[in-house]
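Subject: Structure handover

Hello,

Here is the structure I said I would pass on. My notes on its strands and helices follow below it.

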Amino acid sequence: MKEQNSIPTTKVARAGQFVKAGIKVGGNYIKHYSKRLVNPELSREELHQDNAADIYGALSELKGSALKMAQMLSMDRGLLPTAYSTKFAMSQYSAPPLSGPLVVKTFRTYFGKSPSELFDKFDINSVNAASIGQVHQAWKNGKKLAVKVQYPGVADAVSSDLRIAKPLAVRLLNLDERQIDRFMGEVESKLLEETDYDLELKRSVEISEACKHIDGLIFPKYYPELSSKRILTMDWLEGLHLKEFLATNPTQDVRNRVGQLLWDFYDHQIHNLRQVHADPHPGNFLMNPDGTMGVIDFGCVKVIPDYYYDNYFRLINPDTLQDKELTEQIFTNLEFLVAQDSPKDRRFFSDLFVQMIEMLGAPFAVDEFDFGDDEYFNKVYAFADELSKLEELRSSKVVRGSQDGLYVNRTYYGLYALLNELKAVVVTKKPDWLKPKEVFDRITG
């Protein structure tokens with residue numbers, strides 16, 4: 001993939017990239033409708049492919065939060081046409097890399113030395129390039145290392161990028177602008193955290209240590225003396241990303257073992273640590289033929305407030321949904337229901353959210369769940385499609401749901417998607433909170 005020798009860093013230059021992408025998208029629509037005059041049966045697939053290529057091309061040059069948004073969207077197969085999600089998936093670990101001179105400049109800025117002065121050997125060509133940074137191989141004292149180098153300027157551009165990208169997201173995804181504004185603060189704070197490699201180093205060490213007891217998970221050792229606010233050094237882990245791993249045609253037993261590791265890893269973080277690796281896309285896991293799995297990149301971590309945790313997970317308990325009064329109280333606590341709702345609104349949205357919880361909570365209702373069941377996922381996607389068309393939601397004067405749910409829901413969606421790709425059968429262990437009286441007491445006051 002062609003290297004980039006520079007990244008637009010000023011607001012004007014970055015805004016220009018978005019404008020350029022918008023102009024190309026407009027041209028693609030004109031071209032598409034011109035062709036339809038000749039062939040009325042022409043599908044929109046070519047239009048989607050052209051738009052996806054042009055938008056991804058612009059975002060990949062910008063790097064940072066712009067490309068991170070593409071990465072997040074690629075995980076949601078029900079939100080975008082296939083052409084977009086396929087193209088945007090490249091941002092997970094295959095974006096255009098930064099040129100060698102810019103990498104050296106970053107090292108000199110933060111260490112006062114070139115990488116060749118810090119390491120015994122440093123490969124100036126990156127092996128993976130994603131949204132926030134790219135990874136290089138290095139060697140020191142006989143150890144093979146992975147060195148993550150952040151793209152210049154991405155941390156300073158997060159806030160302005162989000163403001164510039166909002167109109168494009170509204171048009172492309174047909175979203176209500178209020179929905180985006182509602183959660184913009186949460187997204188911005190998480191993206192800023194992802195650019196802080198000092199914070200990522202701290203969280204990486206803490207969560208790796210807290211999860212090391214899970215047999216089969218592999219975590220790298222981190223090196224603070226070779227790390228900085230924009231450079232992070234750790235052991236090199238062997239393994240394959242999901243797509244390459246599946247291409248080796250692993251046995252069902254190995255798929256199940258990897259799937260179980262994913263489930264247990266997230267179960268422990270969410271229910272014991274109350275903070276979670278909230279970026280479950282394929283680029284962050286390295287899978288091995290023996291069913292073991294490496295975990296990397298703790299840049300995006302969601303700390304789950306106790307109040308949100310208690311309410312959110314109480315809904316998983318089937319007994320809760322049998323108690324309409326308690327369910328409505330929890331819906332109010334989680335901002336699914338609001339004070340200005342009429343009785344009719346409360347009934348409508350309560351029934352809707354109960355359907356949603358029963359569907360998404362299905363893995364918790366059994367001792368073992370087959371995530372390879374495409375019928376289940378087709379129902380989930382069909383339900384999401386129906387929600388997007390409901391007039392009651394589209395015309396609602398409020399945006400529903402706590403902002404704390406944004407990354408918690410994203411985590412579960414990403415986890416489910418990974419397990420579905422693996423076609424894994426997983427033992428869905430039941431944590432202690434499933435029917436605890438003390439949680440009921442805290443929720444009801």
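To start with the strands, Leu 145 stands opposite Asp 235 in β6. The pairing behind this is antiparallel: 5 bridges join strand β4 (residues 143–150) to β6. Strand β6 covers residues 231–235 and is mostly covered, with 5 of its 5 residues buried (buried means under 20% relative accessible area, exposed over 50%, partly exposed in between, with a 1.4 Å probe and protein chains only). Strands here are DSSP runs of E with at least two residues, helices are runs of H or I with at least four, and both are numbered from the N terminus. Two strands count as paired if DSSP finds at least two bridges between them.

This is a predicted model, in which local features need pLDDT of at least 70 and side-chain atom pairs count only at pLDDT 80 or more, while totals for chains, interfaces and linings use all residues. Residues are numbered from 1 along each chain as its sequence is written, and side-chain values use heavy atoms, with hydrogens and water left out.

There is also an open sheet of 3 strands, in the order β5-β9-β8, with mixed pairing. Its edge strands, β5 (217–218) and β8 (285–287), each pair on one side only. Strands β5 and β9 (residues 293–295) run parallel and are joined by 2 bridges. Within β9, Gly 294 is the residue opposite Ile 218.

Now the helices. Helix α12 (residues 306–314) and helix α14 (residues 324–333) have axes that come within 10 Å and cross at roughly 140° (axes are lines fitted to C-alpha atoms, for helices over the stretch in contact, and angles run from 0 to 180 degrees between N-to-C directions). α12 is therefore oblique to α14 (under 35 degrees counts as roughly parallel, over 145 as roughly antiparallel, 65 to 115 as roughly perpendicular and the rest as oblique). Tyr 307, Asn 311 and Arg 314 of α12 make the contact with Leu 326, Ile 330 and Asn 333 of α14 (contact means heavy atoms within 4.5 Å).

Helix α14 also packs against helix α15 (residues 343–360), at an angle of about 90° and with the axes 11 Å apart. The two are therefore roughly perpendicular to each other. On the α14 side the contact is made by Thr 327, Glu 328, Phe 331 and Thr 332, and on the α15 side by Arg 346, Ser 350, Phe 353, Val 354 and Ile 357.

Regards
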